[in-house]
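Colleague: Please take a close look at the salt bridges here, and then at what surrounds them.

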Amino acid sequence: MSEAPVVVTAVMHFTGAIDAEIRAALDRLVAAVRAEDGCLEYAAHVRRDAPDAGEVLMIERWRDAAALDVHGTSPHLLAFRKSLAGRIAAPSDVIRWRGLD
């Protein structure tokens with residue numbers, strides 16, 4: 001029996017609005033993550049009601065928990081965090097989800 005896909009929501013908290021520097025870093029990150037083995041979906045979203053709030057919601061779907069675990073230590077994710085270290089206001093709020101069925 002194969003493991004069910006893992007869905008993740010992660011809210012990233014940045015200082016100030018989502019500007020060109022953050023958008024460029026997110027674009028690079030999204031492109032790299034989508035190429036990872038086991039990544040089924042990886043998309044960044046900003047709030048409609050408060051686009052300048054400095055928050056980005058990542059919606060992710062992974063083949064299994066093992067693929068997600070590898071993602072957590074990927075060089076491009078670590079480089080993203082390092083490149084924006086001075087802009088990160090708080091740790092991301094990360095939740096792993098599973099389907100009801």
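Modeller: Arg63 and Asp64 pair through their side chains in a salt bridge, 3.3 Å from N to O. The term stands for a side-chain nitrogen of Lys or Arg within 4 Å of a carboxyl oxygen of Asp or Glu. Arg63 is partly exposed at 37% relative accessible area. Asp64 is buried at 16%. Buried means under 20% relative accessible area, exposed over 50%, and partly exposed in between, with a 1.4 Å probe and protein chains only.

A caution on the source: this is a predicted model, in which local features need pLDDT of at least 70 and side-chain atom pairs count only at pLDDT 80 or more, while totals for chains, interfaces and linings use all residues. Residues are numbered from 1 along each chain as its sequence is written, and side-chain values use heavy atoms, leaving out hydrogens and water.

The structure holds eight salt bridges. Asp19, Glu21 and Arg87 are linked in a network of them. Take Arg87 with Asp19: the closest N and O atoms are 3.0 Å apart. This pair links distant parts of the chain, 68 residues apart. Arg87 sits in the loop between α3 (75-83) and β4 (88-97). Asp19 sits in the loop between β1 (6-14) and α1 (20-34). Helices (H or I, at least four residues) and strands (E, at least two) are DSSP runs, numbered from the N terminus. Arg87 is buried, with a relative accessible area of 16%. Asp19 is partly exposed at 31%.

Glu21 is partly exposed, at 43% relative accessibility.

Arg87 also touches Phe14. Setting aside neighbours within four places in sequence, Phe14 has contacts that include Ile22, Phe80, Leu84, Arg87 and Ile88. Contact means heavy atoms within 4.5 Å.

Phe14 leads on to the core. Phe14 is among the residues with the most contacts inside the largest nonpolar core, as are Met12, Tyr42, Met58, Trp62 and Phe80. That core has 22 residues. A nonpolar core is a set of buried Ala, Val, Leu, Ile, Met, Phe, Trp, Tyr and Cys residues joined through side-chain atoms within 4.5 Å. At least two residues each come from β1, α1, β2 (39-46), β3 (55-62), α2 (65-71) and α3. Helix α1 gives the most, with six residues.
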